[in-house]
Amino acid sequence: MQDSPETKVPNFVPLAAKDVKDLQQNPGYSNVDVFTYEETRKATEQFRPDYILGEGGFGVVYKGVIDETVRPGYKSTAVAVKELNRDGFQGDREWLTEVNYLGQLSHPNLVKLIGYCCEGDHRLLVYEDMASGSLEKHLFRRVGCRLTWSKRMKIALDAAKGLAFLHGAQRPIIYRDFKTSNILLDENFNAKLSDFGLAKDGPTGDQTHVSTRVMGTYGYAAPEYVMTGHLTARSDVYGFGVVLLEMLLGRRAMDKCKPNREHNLVEWARPLLNHDKKLLRILDQRMDGQYSAGTALKVGNLAYKCLSKNPKERPLMSEVVELLETLQTDEVSHEQTTLHSSSSRTSAKKRTSSRSGSQREGAAHGSRSINVRSRTEPPKESDLHDPSSLEMEKSESDQG
């Protein structure tokens, strides 16, 4: 596959910086800017508290702007600035990992690293602005969720493309921390993977896995990885399955507010994904009427396979992308057919209403003149229900 200008897998991988000192001496990444701490302060208006976008294990993320006032000659660019919390559990290693990976790779579904700062004890990362925030923020908000079925499936496809790109790199890269809070959305709700601090080179050659300390997020980590520390690309596939399940049901992977047996979403819901009626019953009610039952069942089946306890039974992310693309095409066709059918029924009703009005008017004139109009006329053809339309309406009603 030939890489587009937006999708960059280097023919040769630059030597990754071994430590921060090495990075300071050999920045190495021509597409990533090196900022001073003062420049990041100016970009965020001195790290204003009301500029805070979020806070995690790494530290605080601020919105900001890099422009002429920050660096002369710089084209005004909206950014997100992540500052490492020196007292946090993540340190230089995770910060450097992110610089090394995002400094080398570029893809429409990976967040763009604009630059970094490693001046003195300061460790900051400067990303492109993702105006709509995280998938987590939208999916689990109590009111005003704007994530329709079609948006969720588009986000799932975007995220799958990001993972498939990483797995298909010259040396496979395992993301290792796939979850809703790490999927960011731009103003058009295009999804990109962020936070590469836990990413790791995957197995190559005769290797079947890489052995590593178990890291990630409980509820998203694959069971075999948690048990053995053996990491493969299929570990990411499991995490994708968890997120796909969260999008289908509108529930968090771990939720202690639910009844005991429903605390762990995968343990509770996965057995239901193979039962058509049960699956349709537990789907997020905020999406009622937005999907065809057939498509929903196929997505549920995909989640079921991704969440298999046997990693070899999970699909490759390239296969996940292919299936989601096919389903998206099918769903668009379904929507167009439904809209056309609905439009045709509406037009037919209007024509029927118009004819009925004319006939009623004529009947009224006739009754005044001879007053012998029969009240037992057979029903007109337009009054009869079309069985196929009735079945379609019933199907749509069942889906809602």
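Over how many bridges do β3 and β4 pair, and in which sense? The legends below take up this pairing and then other parts of the structure, which is a predicted model.

**Figure 1. Pairing of β3 with β4 in the predicted model.** In this close-up, β3 and β4 are paired in the antiparallel sense, and the pairing extends over eight bridges. Within it, Val60 is found opposite Glu83 of β4.

**Figure 2. The hairpin of β2 and β3.** A hairpin leads from β2 to β3 through three residues, and the two strands, which run antiparallel, are joined by three bridges. The bridge partner of Ile52 in β3 is Tyr62.

**Figure 3. The largest pocket and the residues around it.** The largest pocket has a volume of about 920 Å³. It is lined by 34 residues, of which Glu55, Val61, Ser181, Asn182 and Leu184 are the closest to its centre. Two or more lining residues come from each of the elements β2 (52–55), β3 (59–66), β4 (77–84), β6 (124–128), β7 (133–134) and α4 (135–139), and β2 gives the most, with three residues. Sorted by class, the lining of this pocket holds 12 nonpolar, 13 polar and nine charged residues.

**Figure 4. The contact between helices α5 and α7.** Two packed helices can be described by the distance between their axes together with the angle between them. Here the axes of α5 (residues 149–167) and α7 (residues 233–249) come within 11 Å and cross at roughly 175 degrees, which means that α5 is roughly antiparallel to α7. On the side of α5, the contact is made by Trp149, Arg152, Met153, Ile155, Ala156, Ala160, Leu163 and His167, while α7 contributes Ala233, Asp236, Phe240, Leu244, Met247 and Leu248. The residues of this contact comprise 11 nonpolar, one polar and two charged.

**Figure 5. The largest cavity.** Empty space left between atoms can be shown by rolling over them a probe the size of a water molecule. Across the whole structure, a search finds two cavities of 30 Å³ or more, and the largest cavity holds about 110 Å³ of space. Of the 13 residues lining the largest cavity, those closest to its centre are Arg176, Asp177, Tyr220, Ala221 and Ser235. Helix α7 gives the most to this lining, with three residues, and by class the lining has six nonpolar, four polar and three charged residues.

**Figure 6. The second largest cavity.** About 30 Å³ of space lies in the second largest cavity, whose lining is formed by Arg251, Arg252, Asp255, Lys258, Glu262, His263 and Leu265. By class, this lining has one nonpolar residue, one polar residue and five charged residues.

Conventions
Residues are numbered from 1 along each chain as its sequence is written. This is a predicted model: local features need pLDDT of at least 70, side-chain atom pairs count only at pLDDT 80 or more; totals for chains, interfaces and linings use all residues. Side-chain values use heavy atoms; hydrogens and water are left out. Axes are lines fitted to C-alpha atoms, for helices over the stretch in contact, and angles run from 0 to 180 degrees between N-to-C directions. Helices (H or I, at least four residues) and strands (E, at least two) are DSSP runs, numbered from the N terminus. Angles under 35 degrees count as roughly parallel, over 145 as roughly antiparallel, 65 to 115 as roughly perpendicular and the rest as oblique. Contact means heavy atoms within 4.5 Å. Ala, Val, Leu, Ile, Met, Phe, Trp, Tyr, Cys and Pro count as nonpolar, Asp, Glu, Lys and Arg as charged, and the others, Gly among them, as polar. On a 1 Å grid over the protein atoms alone, a cavity is a set of points where a 1.4 Å probe fits but cannot get out, and a pocket is an open set with protein on both sides within 12 Å along at least five of seven lines; lining residues have an atom within 4 Å of a point. Grid points are joined across faces, edges and corners, and a volume is the space filled by probe spheres set on the points. Two strands pair if DSSP finds at least two bridges between them.
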